[in-house]
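The following explanation leads a new reader through the structure shown below. Please keep the sequence and the model in view while reading.

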Amino acid sequence: MGRILAFIPLTIAAVFGGFFLWGLNPDRDPNNIPSVLISQPAPQFDLAAIEGLETPGLSRADLVDNAGPVIVNVFASWCVPCRAEHGILTQMVEKDGLRLFGINYKDKPEDATKWLAELGNPYEKIGSDLSGRAGIEWGLSGVPETFIVGPDGTVLFRYVGPVVGDEAIARFREALEQAGALPRGQNG
Amino acid sequence: MVRTAQSGEFIEGVDDQMTPEVGHFALALALALALVQSVLPILGAKRGNILWMQSARWSAFGQVLFVTVAFLALMQAFITSDFTVKNVVENSNSLKPMLYKVAGTWGSHEGSLLLWTLILTVFGAAVALFGSNIPQALKARTLSVQAWISVGFLTFMLFTSNPFDRVFPPPSDGQDLNPLLQDVGLAMHPPLLYFGYVGFSIVFSFAVAALIEGRVDAAWARWVRPWTLAAWMSLTAGIALGSWWAYYELGWGGWWFWDPVENVSFMPWLMGTALLHSAIVTEKRDAFKSWTILLAILTFSLSLLGTFVVRSGLLTSVHAFAVDPERGLYILGLLAVSIGGSLALFAWRAPMMEPGGLFKPISREAGLLVNNLILTTATGVVLFGTLYPLFYEAMTGGEKLSVGPPFFNAAFIPVMLPLVFAMGCGPFLSWKRADLPGVLQRLRFVALLAVLGTLAVWYLAEGGPVLGYLSLMLAFWLFMATVREWTMRIKLFEGPVSTSWRRASNLPRSAHGMTLAHAGLAVAMFGFIGSTVWKSEEIMFVQPGADISIGGFDVRFNGVERVRGPNYFADRGELTVSRDGKYLTDLFPERRTYPVAQSTTTESAIRSTLAGDLYTSIANPASEDASTQGAWTLRILYEPLVNFIWIGSAMLVLGGGLSLSDRRLRVGAPRRKAAVTARVPAE
C-alpha cells in the first residue's frame with residue numbers, strides 16, 4: 001500500500017510534464033486560434049448600450065456597409081490584460097484613425113463605466129453583453145479578443161489575448177494592412 | 001584594445017571593456033567546479049573517503065566566488081552602460097538613474113538567471129560554512145545534490161542564455177528598462193523572491209541526500225529547519241514586496257491579481273509553510289518523515305515550475321519574460337531530471353522509512369496534519385487554477401479559456417478559512433494526546449471576544465458580505481487566541497509581573513516567533529478584508545477647483561502642472577485633502593511619459609495612515625469633446641486597513657527571524673538519537 005502511495009507524486013508529476021511538453025510545441029501559440037468565423041459573415045447579435053454610458057450600443061447592422069475595415073474588441077473591466085491592451089487600441093484610433101467597436105463582456109455596467117472613465121473611451125459604439133450570449137455567437141474563448149471585420153461585415157481576422165508587446169502588435173498591424181485598413185509598409 | 005570577432009578591426013577607447021569576457025570565463029570555471037562537486041563528495045560519502053567529502057567545502061566556496069565575479073562583471077557593464085553587451089543594450093539606457101542601472105543587472109531573463117545561480121551557490125557555500133554540526137557524509141551528499149542543480153543552471157545559462165553576449169557595432173544608447181520597473185520596491189523584489197525560491201533548493205538537496213542515505217530522523221529535521229526558515233522568510237518578504245509594488249506602482253489599486261506569475265511565487269510559499277510545520281513534527285516526534293521529505297521536494301519543485309512558467313511562454317501573463325521555445329524545452333528537461341528524479345527516488349526509498357511516534361486524533365500532531373492537508377489542498381487549488389487553461393487547451397485540442405480572480409477567490413478562501421480556525425486552537429494542543437474540550441473551554445472567552453468584535457464592526461460599517469464578516473470573525477479569533485496562548489505560557493496576569501517576565505525570557509525564541517507570525521497572519525487578514533470589503537472608489541472628470549468627498553475626506557482639485565524628471569516628463573495633479581474643514585495634506589499624483597521607452601506610467605499619490613490609504617491617480621480624459629474640455633480624469637480610492645497587510649507580512653518575517661535566532665538551532669549540535677527526546681510543551 002505504502003509502496004503504491006509513494007508512486008503517486010511521481011505519476012502526477014509525469015502527467016504534468018506531458019502537458020508541459022505538449023504546451024511547448026513551437027507550432028502552438030497561446031494567442032493564435034483558428035476561428036470558424038474567418039471569411040464568414042459576422043454573427044447576428046444586437047446589444048444595448050452600457051447602462052449609464054452615452055456611447056451607443058452595438059449590433060451586427062453596425063458592422064456592414066462601412067467605408068473600410070473596423071476593429072471589434074471584446075473587453076471587460078475585470079480583465080487585467082485588457083488594461084494593458086487598452087492604450088494600444090486607443091493609439092490605433094487616435095494615430096491611425098481606425099474605427100473601434102467594443103463588446104463589453106459579462107461586466108457590471110457601473111464597473112465598465114468606471115473603467116472607461118479611468119482609462120479613456122476610444123470606442124465608437126459599445127454593446128453590453130451581460131448574459132454572454134453575443135460572446136457565444138462570436139465563439140469567444142476568453143477576454144480580451146479582437147476581430148477585424150471587413151467593410152461588408154465579413155470577419156477577416158481574430159486575435160486571442162491582449163494585443164500587447166512588439167510581436168503581437170506587429171501581427172495585428174500586418175492583419176490590418178492585409179485587410180486594407182492601414183497602408184502597406186507602415187508596419188513597425 | 002578589443003579585437004572584435006566580426007570585423008577583425010581594432011576599436012579605439014574600449015580597452016576597459018574586457019570585463020564581460022572575465023565574467024563569461026568565470027561562469028565556465030564555476031561550471032567546472034560544480035561538475036567536480038557533483039561527483040567527488042557523494043562518491044566520498046559512499047566510500048568513506050574523508051578527503052573527497054571535504055572537497056565539497058572548497059568547491060562550494062569556489063563556485064560562489066566565480067559566480068559572484070560573473071555577477072559583478074555584468075553589474076559593471078550595466079553601471080558603465082557598456083553597450084557592447086547585448087543584455088545592457090536591451091535592458092538599460094545611459095539616462096537611467098544609477099539605482100536602476102544596478103537593478104537592471106537582474107531585470108532581464110539572462111541577468112535574473114545569473115542572480116538565481118548566484119543565490120544557489122550562496123546557499124551551498126553557506127551550508128559548507130555554517131553546517132559544522134551536520135555529519136560529514138550527509139553534508140557531502142547534500143552539497144553534491146546542490147551542485148547537480150548548479151550544473152543544470154550554469155549549462156542553461158552558458159548554452160542558451162549567455163548574459164555576456166556582445167553586439168557589433170555597439171549602438172549609441174540602450175533601449176531602456178520598462179519604466180514600470182523603475183521602482184525601489186521592484187529593484188529589491190526579485191533578489192528577495194529568489195532568496196526564497198532558491199533557498200528551498202538547499203532543503204531539497206537535504207531531502208534528496210537523506211533519501212540517498214535512507215535515513216531521516218529528528219536530528220535531520222533540526223539541521224534542515226534553519227534553512228527552511230531562512231528561505232521561507234525571504235519568500236514571504238519577496239511576495240509582500242511584490243504585492244506592495246503592484247499596489248503602489250502599477251496604480252491599479254489592488255495588491256493581488258492571481259496572475260500566473262504571482263501564483264507561481266505563492267505556491268512554493270504555501271508548500272514551504274506546510275513544510276515548516278511538518279518538519280516540527282519530524283523534529284519533535286520523529287513522525288511524518290516521508291511526508292516532510294515529500295514536502296521538501298515539492299516546495300522546490302514548485303519554485304522550479306515557477307521559473308519554467310515565467311520563462312517558457314507556456315501561459316500568458318502580464319509580466320513574463322520574453323518567450324523562447326528552446327529555453328522552455330531546456331528548462332523542461334531540467335525539471336524532468338530534478339523533479340522526476342527526486343520523486344522516483346522518493347517512490348523507491350520512502351516506503352522503507354520506519355514510521356515514527358504514534359498520536360491520537362486530537363493532538364498537536366493531528367493539528368499539524370490538518371495544517372498540512374489544508375495547505376496542500378490550497379496549493380493544489382492554485383496550481384489547478386493556474387494550469388487549467390493549458391490542460392483545457394490540450395484536452396480539447398486547442399480551445400482556450402482564462403481563469404481569473406473569481407475562481408481563485410471562490411475556491412481558495414473557503415479552503416483557507418478552516419485553517420485560520422485551526423490555527424487558533426493548534427498551539428494549545430499538547431503532543432500525542434490533547435484535551436480538546438479543555439482547550440475549547442479556555443478559548444470560550446476568545447470566541448466571545450471575536451463575536452463581539454465582529455458585531456462592533458458590523459454596527460460601525462453598516463453592512464457588507466457575509467463572507468467578509470465570517471473572515472473578520474476568524475481574524476479576530478486567530479489574533480486573540482494567539483495572544484491568549486502566549487499570555488498563558490508566560491502566566492501573565494496570573495502572578496507578579498516579574499514571574500511572567502522570567503517565564504517570557506525562558507521561553508524558547510521559536511515559541512515567541514510562532515506567536516508573532518500567527519498574530520501577523522491575523523493582522524494581515526484585517527488588511528485583506530478591510531481593503532477588499534470596505535473599499536470605496538470614485539472616478540470622475542473634474543475641472544480645476546472641483547471638490548470630491550470620499551470615505552469622510554474632502555479632496556479639492558487645484559489643477560495640473562507639467563514637470564520634468566531625469567528621463568521623463570509628467571503631468572502633475574495638485575490635490576488638497578481635508579476632513580471636516582481641517583487641512584490634512586497635499587497630494588501630487590503624476591502621469592509620467594518616458595520618451596525613450598515610449599511608454600507612460602501612473603504615479604499615484606497616497607495619503608497613508610493606519611486606518612487606511614487615500615489613493616489618488618490622474619489621467620487625461622479619453623475624448624476631448626465639449627463636456628470634458630480642460631478637464632482631467634481623477635481616480636480616488638479609499639482602502640481601509642490596507643497597511644495592515646504590510647505590517648502583518650513584516651510580523652510574519654520577524655516571527656520567522658525570531659524562530660531562526662533560537663539558540664537550539666545554533667548550538668544544541670544534536671547528535672543523532674540524542675535529539676529524539678521530546679520536549680513536553682509548556683502549559
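**Chain A and a sheet of chain B**

Of the 188 residues that make up chain A, 41% count as buried. The model is a predicted one. Along its principal axes, the C-alpha trace of chain A spans about 70 × 40 × 30 Å.

The secondary structure of chain A consists of five helices and seven strands.

Attention now turns to chain B. Here four strands form an open sheet in the order 3-12-11-10, and their pairing is antiparallel. Strand 3 (536-542) and strand 10 (605-609) of chain B are the edge strands, each of which pairs on one side only. On average, neighbouring strands of this sheet are turned by 10° against each other, with direction ignored.

One pairing within the sheet can be followed in detail. Strand 10 of chain B and strand 11 of chain B, the latter covering residues 612-619, run antiparallel and are joined by five bridges.

Which strands of chain B does helix 3 of chain A lie across? This helix, residues 109-119 of chain A, lies across strand 3, strand 11 and strand 12 (632-640) of chain B. Relative to strand 3 of chain B, helix 3 of chain A runs at about 50°.

Definitions and conventions
Residues are numbered from 1 along each chain as its sequence is written. Chains are lettered from A and ligands numbered from 1 in the order in which they are written. This is a predicted model: local features need pLDDT of at least 70, side-chain atom pairs count only at pLDDT 80 or more; totals for chains, interfaces and linings use all residues. Helices (H or I, at least four residues) and strands (E, at least two) are DSSP runs, numbered from the N terminus. A residue is buried if 20 or more other C-beta atoms lie within 10 Å of its own, exposed if 12 or fewer, and partly exposed in between; C-beta atoms are placed from the backbone. Two strands pair if DSSP finds at least two bridges between them. Axes are lines fitted to C-alpha atoms, for helices over the stretch in contact, and angles run from 0 to 180 degrees between N-to-C directions. Two residues are in contact if their C-beta atoms, placed from the backbone, lie within 7 Å.
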